[in-house]
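Colleague: Before we discuss any details, could you bring up the model and its sequence so that we can go through them together?

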Amino acid sequence: MDSQGLKTLINYYCQEKYFHHVLLTANEGVKRYGNDPVFRFYHAYGTLMEGKTQEALREFEAIKNKQDVSLCSLIALIYAHKMSPNPDREAILESDARVKEQRKGAGPKALYHAGLFLWHIGRHDKAREYIDRMIKMSNGNKEGQVLRAWLDITRGKEPYTKKALRYFEEGLQDGNDIFALLGKAQCLEMSQNYSGALETVNQIIVNFPSFLPAFVKKMKLQLALQDWDQTVETAHRLMLQDNQNVEALRILALYYLCREGDIEKAATMLENLENALDAMEPQNAQLFYKITVAFSRTCGRSQLILQKIQRLLERAFSLAPQQSEFATELGYQMILQGKVKEALKWYKTAMTLDETSVPALTGFVRCQLIEWQLQDADQQLEFLREIQQSIGKSAELTYLHAILAMKKNKRQEEVINLLNDVLDTHFSQLEDLPLGIQYFENLNPDFLLEIITEYLNFCPMQPASPGQPLSPLLRRCTSILETIVRTVPGLLQAVFLIAKVKYLSGDIEAAYNNLQHCLEHNPSYADAHLLIAQVYLSQEKFKLCSQSLELCLSYNFKVREYPLYHLIKAQSQKKMGEIAEAIKTLHMAMSLPGMRRIGASSKSKYRKTEVDANLRLSIFLELVEVHRLNGEQHEAAKVLQDAIHEFSGTSEELRVTIANTDLALAQGDVERALSMLQNITAEQPYFTEAKEKMADIYLKHRKEKMLYITCYREIAERMPSPRSFLLLGDAYMNIQEPEEAIVAYEQALNQNPKDGTLASKIGKALVKTHNYSKAITYYEAALKSGQQNFLCYDLAELLLKLKWYDKAEKVLQHALAHEPVNELSAVMEDGRSHVLLAKVYSKMERPGDAITSLQQARELQARVLKRVQMEQPDAAPAQKHLAAEICAGIAKHSVAQRDYEKAIKFYREALVHCETDNKILLELARLYLAQDDPDACLRHCTLLLQSDQDSEAATMMMADLMFRKQDYEQAVFHLQQLLERKPDNYMTLSRLIDFLRRCGKLEDVPRFFLMAEKHNSRAKLEPGFQYCKGLYLWYTGEPNDALRHFNKARKDSDWGQNALYNMIEICLNPDNETVGGEVFENLDGDLGNSTEKQESVQLAVRTAEKLLKELKPQTIQGHVQLRIMENYCLVATKQKSNVEQALNTFTEIATSEKDHIPALLGMATAYMILKQTPRARNQLKRIAKMNWNPIDAEDFEKGWLLLADIYIQSAKYDMAEELLKRCLRHNKVEREREREDK
């Protein structure tokens, strides 16, 4: 690196306060450029900042007469003397006088270096004076301009940033100046143009590859862009060049801790970081301290991490024992480790060092609150409140006020308002802050989790029931926790609390998924086992609940002291019928400290065994319930009486009353239950719950809908809140009165106009009333008023249902017309919209657009799956399912386009996301069958039958497989098994008839008709039965009778289309001849035959044409099949113009649809009738080379027979024989016919 590069490196390290790095770089400069005094000056400065004041003074004295650095050396001497424990006043005055004297005659370089040094020591205004004078003196010197720009941006004000960028650009006009490029990158970063800043940094790396700070800057910018993968890659690149790079090790340690949640790896990185600091910055106390802050706030109180960073902090304090902030941080560390006495010692030390330290006093008060010294804490907080007016609002102080209010049993609203205030103040510090070290420090997830824990004290303990609106506190908790998990996905406590919030919100599946994520990463997480036991209990999986409790106990024996553990265990035992065991468990819970208020000393100094009143009452009420179930009514009444006595005068008293009604109902006394509830007034807590209970009694016990709804009306009248009207709306929906529900929902929406969930409920209620046009108008109005974007999805879904495809397309395109998004929920919403858009395109018969939409959805879903497991583990299963659905959609379209390899690829990808999805397994098995890969098909069928033994489709496919292997008996056996289970399964019966025909055993069919009739007396009236009968008669050579039976099925929605196709085939070819082969019997004649025969054919064709008009295909393939049949009608007329017209259509289909067997056979048939045998032969040879599949089986066999006919006429008997054998392999009946012909 040249002299200028080394100087820029020194400037960078000075600004970053890496003083040992300054010393080392200056040393290198002295070695390489001994005549340059600038390097000697910075060697002296590095020495000074490492605490070697006398040595530094000697070095500054030695160079103070060097022209370029004389002025800055004198300023440095003053600075060094002032830093000394016993400043030399005379030396300071002497140097000061010389500075004033030299300043008058100083040249541009001396002024520049003086200004540069003043900037490094934080004296911006003085530095600005020197640099302005230097620029004026040297007519706008570029070097001076660049430094002035640096001075502007380090002041951090927006107008200066814009001006500075202009100076940096001017400084770069003569070439790549590292110092100017670094400044430009800094400017762009401050303007939040991180991509532009990254581009500039890349420019430095390309031109100066050995300038390592550029890599550090790049790494930090990539983190600001929230691209962890690239950040880590850059960190590793940096480590290859400098394996003791402090910043790279810091970022990697944060990555393992915050992103991966790998405590062991993070701890190893912190050890490496400590070693690097020892080697590279051994005297830098501030750096040792600063590095610890982000880790202590994000480590989830991991003792391993806290011990590592405690060592770094103690090192910082030993290097600078006069620093109060280091002692304060050590106090905070002790609190995180649960060592309150140690924390108090450190906070006292900090206050001794600096009596005015507010953070130290705040920490001291926190310790007092933990120790329940409420009076002392109150006095200190009063003092701090007065100071706060001058120093500004502090989130931590407000939090301590909230804790004090809670410990003093102040009103719930007061505590919640204080906690809300804490969050508002706390999050205001994060505004406009990019993701980086500072963001992690300011976010302080540990502090946020403490607030969440306090919020949860005021949340209901039981999960919300379906339809019950979410508590605003739970909603707030969810929002904060999602922010934490998005930034620090490795913090398992946050994921656990999300699980808890989801559980209390009634979203049991999401809770379970989050808990699974916690336990995968930490199998010994006792609290997660305890909560998952509650989840299993709510899902009525009692065995799993019991196992989770045992695991919980094995990992943490202390859970036996948790009343909640005993409550869950007792509830599980009760559900499993172990009533006596449940009673024992609850008595153990009742004997735990803090369970009874009466008789316990309320003056206890440390109330560490306090149990939440809500939980205590739940245990009492559970004991009442199990005694009642055990037939011990007297014991139940006694415990209930104890509860009334224990909780009288508390907010829980009314819960006891509500529980008392359950006892009355159990005794069949409905009236007493109602009279107890009627006394609860709107002013009392639990009024809503009491009215809901009354409503439930009226509906379930007295079947009185009017009184049921009256209870909810009363809630809405007495407490007119959005929640009350929502409850009323849900109640109306419950008794099938959607019109009234809409009115209630609209009242709720008027009070809370931005609630998209309410808007969605109204839309769905309108759909339920079949008021589709109003629902559409409503959704459109809601979207115009700025409702959530998910309403677009609801509206598009409704439009799709109504077959208004164009409108649905516009709505979805509007929803997707925005700049690329990075927010996970927005990416998920876009993916969902693309999937729905693909469905719309499919209905509009635009397969190309549908596939494009699905491909876009797949790309978005890949981004979602990469992040969801870390940021929203509860959503991971649903997102994997959607990814599988997307891949299956692409595969389905590929099948329609006959691109089977692509279809297999995407079905297999779908199985990666959802390996047990039976539908995908089935489709994949079908594809393998079509691709003539029986082993793969068998493998998937076996997997399918393992998870669903009664799978009809898999059994039918097994039958197909056996048939292909020419194991006819096994094929028939599989279908017979299905029919024995369900004799009126006509889909299976139709397949069996086809198999028996191919096996030459059609005489076995009638017994299955008898089985169906015996199983279902109305079987003969079933269209499926008539269809199967028609099929049997057609195959046994009774076309007229077959037509009669098919005719009876032709109007049916399930069987009609197939019946019509068969009827058309019978009309066109009643004797089941090889169409096109008759040309050889007619070589000397015309295209037609006798007049009588022609008239008969024309009549049959007209009938077929009539039937064709009844066909209403629902799929793209169905439409293609219809075109094929229409053109076979034209071929059947044997008129040259018609046959040529049909040939054109067949050719068109064969061109657009790859390997379309029916179209190729159609072309061959037309060519035969037009006496163009070579051309026919070419198409038939194409068919002969393709793999047989059951879907096109008939057409394959017709093609083989027609080609064999051509070969026989050409005397190519070997080739004909091979084709006929192929037919025989697939069809025993052909063998019988062959024998008859011989």
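This is a predicted model: local features need pLDDT of at least 70, side-chain atom pairs count only at pLDDT 80 or more; totals for chains, interfaces and linings use all residues.

Modeller: Residues are numbered from 1 along each chain as its sequence is written, and side-chain values use heavy atoms, with hydrogens and water left out.

Colleague: Are helices α11 and α12 roughly parallel or roughly antiparallel?

Modeller: The axes of α11 (residues 178-190) and α12 (residues 194-207) come within 7 Å and cross at roughly 165°, where axes are lines fitted to C-alpha atoms, for helices over the stretch in contact, and angles run from 0 to 180 degrees between N-to-C directions. Helices here (H or I, at least four residues) are DSSP runs, numbered from the N terminus. Angles under 35 degrees count as roughly parallel, over 145 as roughly antiparallel, 65 to 115 as roughly perpendicular and the rest as oblique. That crossing angle therefore makes the arrangement of α11 and α12 roughly antiparallel.

Colleague: By class, which residues make up the contact of α11 with α12?

Modeller: Contact means heavy atoms within 4.5 Å, and the residues of α11 that meet α12 include Leu181, Leu182, Ala185 and Leu188. Ala, Val, Leu, Ile, Met, Phe, Trp, Tyr, Cys and Pro count as nonpolar, Asp, Glu, Lys and Arg as charged, and the others, Gly among them, as polar. By class, the contact of α11 with α12 has nine nonpolar, three polar and two charged residues.

Colleague: How do α24 and α27 run, roughly parallel or roughly antiparallel?

Modeller: Helix α24 (residues 412-428) packs with helix α27 (residues 472-487) at an angle of about 25°, and their axes are 13 Å apart. This angle makes α24 and α27 roughly parallel.

Colleague: How many residues of α62 are buried?

Modeller: Helix α62 (residues 1157-1169) reaches 18 Å from its first C-alpha to its last, close to the 18 Å expected at 1.5 Å a residue, the expected span being 1.5 Å times one less than the number of residues. Buried means under 20% relative accessible area, exposed over 50%, and partly exposed in between (1.4 Å probe, protein chains only). Helix α62 is largely enclosed by the rest of the structure, because its count of buried residues is 13 of the 13.

Colleague: What is the relative accessible area of serine 357?

Modeller: Serine 357 lies in the loop between α20 (340-353) and α21 (358-370). Not counting residues up to four places away in sequence, serine 357 touches Ser324 and Thr328. Serine 357 is buried, its relative accessible area being 8%.

Colleague: What is the phi of alanine 1211?

Modeller: Most residues other than glycine have a negative phi. Alanine 1211 is placed in the loop between α64 (1193-1209) and α65 (1213-1226), and is partly exposed, with a relative accessible area of 46%. Although alanine 1211 is not a glycine, its phi is positive, at about 65°.

Definitions and conventions
Helices (H or I, at least four residues) and strands (E, at least two) are DSSP runs, numbered from the N terminus.
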